[in-house]
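Have the structure open as you read.

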Amino acid sequence: MSVDVKYRATASATGGRDGRAKTEDGSLDVKLTTPKELGGAGGEGNNPEQLFAMGYSACFIGAMKFVSSQGGPKVPSDVSVKAVVGIGPRAAGGFGLAVDLHVSLPGLDKAEAEKLVEEAHKICPYSNSVRGNVDVTSHIA
């Protein structure tokens, strides 16, 4: 599958899960810390799963707004998405992710909200990237 790239983001990490990650333009620079649940010290810092959850949440709202702009239901101004990203060993070996998206669309009835979320999954780059590889479950709040 080819992608007509319109924008590229560049970031790098040093030190792995107990290092630093930053964007090339310097707008984001985070300390990385391995969670205790994964054998790390925990403490101050973030981890890749948190960063992924933030990106997926924001991107999914953007996808819903795009669906809305194409004739879908109006996305309320107080829309929110909470992504819960889990990581753990896979039965087939290695590690994998699981994602729960909790979508709040105040003022939309359940059927409209479900249709909007379904359509957003079809165009969201994160949803398209993980489809078939990561279990993603959506919950309408």
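Helices here are DSSP runs of H or I with at least four residues, strands are runs of E with at least two, and both are numbered from the N terminus. This is a predicted model, in which local features need pLDDT of at least 70 and side-chain atom pairs count only at pLDDT 80 or more, while totals for chains, interfaces and linings use all residues. Residues are numbered from 1 along each chain as its sequence is written, and side-chain values use heavy atoms, with hydrogens and water left out.

**The aromatic cluster**

Let's start with the rings. Phe52 and Tyr56 are 4 residues apart in helix α1, so about one helical turn separates them. How exposed are the residues involved? Take buried as under 20% relative accessible area, exposed as over 50%, and partly exposed as in between (1.4 Å probe, protein chains only). Phe52 is partly exposed at 22%, and Tyr126 is also partly exposed, at 27%. Tyr56, by contrast, is buried at 0%.

Rings of Phe, Tyr and Trp (its six-membered ring) pair if their centres lie within 6.5 Å; planes under 30 degrees apart count as stacked, over 60 as edge-to-face and the rest as tilted.

| Pair | Centre distance | Plane angle | Class |
|---|---|---|---|
| Phe52 and Tyr56 | 5.9 Å | 75° | edge-to-face |
| Phe52 and Tyr126 | 5.4 Å | 55° | tilted |

Because Phe52 sits in helix α1 and Tyr126 in helix α3 (residues 125-130), their pair ties together parts 74 residues apart in sequence. Ring pairs join Phe52, Tyr56, Phe60 and Tyr126 into a cluster.

**The nonpolar core**

A nonpolar core is a set of buried Ala, Val, Leu, Ile, Met, Phe, Trp, Tyr and Cys residues joined through side-chain atoms within 4.5 Å. The largest one has 24 residues, and those with the most contacts inside it are Phe60, Met64, Leu101, Val103 and Leu105. At least two core residues come from each of α1, β4 (80-89), β5 (95-104) and α2 (110-123), with α1 giving the largest share, 7 residues.

Contact means heavy atoms within 4.5 Å. Not counting residues up to four places away in sequence, Leu101 touches a set of residues including Tyr56, Phe60, Val81 and Val136.

**Glu49**

Back in helix α1 (residues 48-69) we find Glu49, which is buried at 10% relative accessible area. Which side chain joins that of Glu49 in a polar contact? The partner is Arg17, at 2.5 Å. Such a contact is a pair of N or O atoms within 3.5 Å; within protein, one must be able to donate a hydrogen and the other to accept it, and residues adjacent in sequence count only if both atoms are side-chain atoms. Leaving aside neighbours within four places in sequence, Glu49 is in contact with Arg17, Val85, Ile87 and Leu97.
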